[in-house]
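Please consult the sequence and the coordinates alongside it.

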Amino acid sequence: EGGRVGVVIGDVSGHGLEAGILMGMTKKVLSIRLSEMGDPAAAMRRANADLLREMDRSSFVTAAAVVYDPASRTLFCARAGHNPPILYNPGRSPDIRRFEVGGPVLGRASAEIFDAAMMGEAAEVRAGDVLLLYTDGLEEGKNAAGEEFGVERFFPVLRAEREKPASYILGSLFYEFDRFTGAVTREDDLTARCVKFE
């Protein structure tokens, strides 16, 4: 509604068919709730209540949802146990902002506990802003020495490639990740989304 656009990323506990079904269900629930409500924190609260009825206590999903309102040029972010999205612009001070405010993972906490803990935050969008959402597999990938790639290695890529298309920025980030990890077997999936604002 109103030309707003939502970007969502998530990660599910476990692997295999059951995890895939759970992620698909979460994606659909979040999509419906975001369409209904527009506010990502409110959508997360409703989604958690929906998922509590369907999930066992051994499973959970992390998620981050960002809604962009072009009328006010504002980003609204909410995250449920997920890695903080990053907003980069060399015209900001500091140039890197992480959306740290959030709440617990989806599908574990009761509605009362989850609703009280789930908070959102907002940021004014500026021309040149680059938004990055990612899963923990990208941050926690290790090299042969056991050292993690870490979120700090994202920043030089964002700074160097900020003028390029979003797909190029992602390609550069994954290239640096592959260079860092080398032939080490990956233990987790790698997912990232990048959005540029004019």
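**Helix packing and pockets**

Q: What is the handedness of the crossing in which α5 passes α6?
A: This is a predicted model, in which local features need pLDDT of at least 70, side-chain atom pairs count only at pLDDT 80 or more, and totals for chains, interfaces and linings use all residues. Residues are numbered from 1 along each chain as its sequence is written, and side-chain values use heavy atoms, with hydrogens and water left out. A crossing is left-handed if the near helix is turned anticlockwise from the far one by less than a right angle, and right-handed if clockwise. The crossing in which α5 passes α6 is right-handed.

Q: At what angle do the axes of helix α5 and helix α6 cross?
A: Helices are DSSP runs of H or I with at least four residues, strands are runs of E with at least two, and both are numbered from the N terminus. Axes are lines fitted to C-alpha atoms, for helices over the stretch in contact, and angles run from 0 to 180 degrees between N-to-C directions. The axes of α5 (residues 154–161) and α6 (residues 166–181) come within 10 Å, and their crossing angle is roughly 145 degrees.

Q: Which residues of α6 meet α5?
A: Contact means heavy atoms within 4.5 Å. From α5, the residues involved are Phe154, Val157, Leu158 and Glu161. Their partners in α6 are Tyr168, Ile169, Ser172, Leu173 and Glu176.

Q: How many residues of the contact of α5 with α6 are nonpolar?
A: Ala, Val, Leu, Ile, Met, Phe, Trp, Tyr, Cys and Pro count as nonpolar, Asp, Glu, Lys and Arg as charged, and the others, Gly among them, as polar. The contact of α5 with α6 has 1 polar and 2 charged residues, and its nonpolar residues number 6.

Q: Which element gives the most to the lining of the largest pocket?
A: By class, this lining has 4 nonpolar, 10 polar and 4 charged residues. β1 (5–12) and α1 (17–37) each supply at least two residues of the lining of the largest pocket. With 3 residues, the element that gives the most to it is α1.

Q: Is alanine 111 buried, partly exposed or exposed?
A: Alanine 111 lies in helix α3 (residues 111–117). Leaving aside neighbours within four places in sequence, alanine 111 is in contact with Asn48 and Leu52. Buried means under 20% relative accessible area, exposed over 50%, and partly exposed in between (1.4 Å probe, protein chains only). Because its relative accessible area is 29%, alanine 111 is partly exposed.
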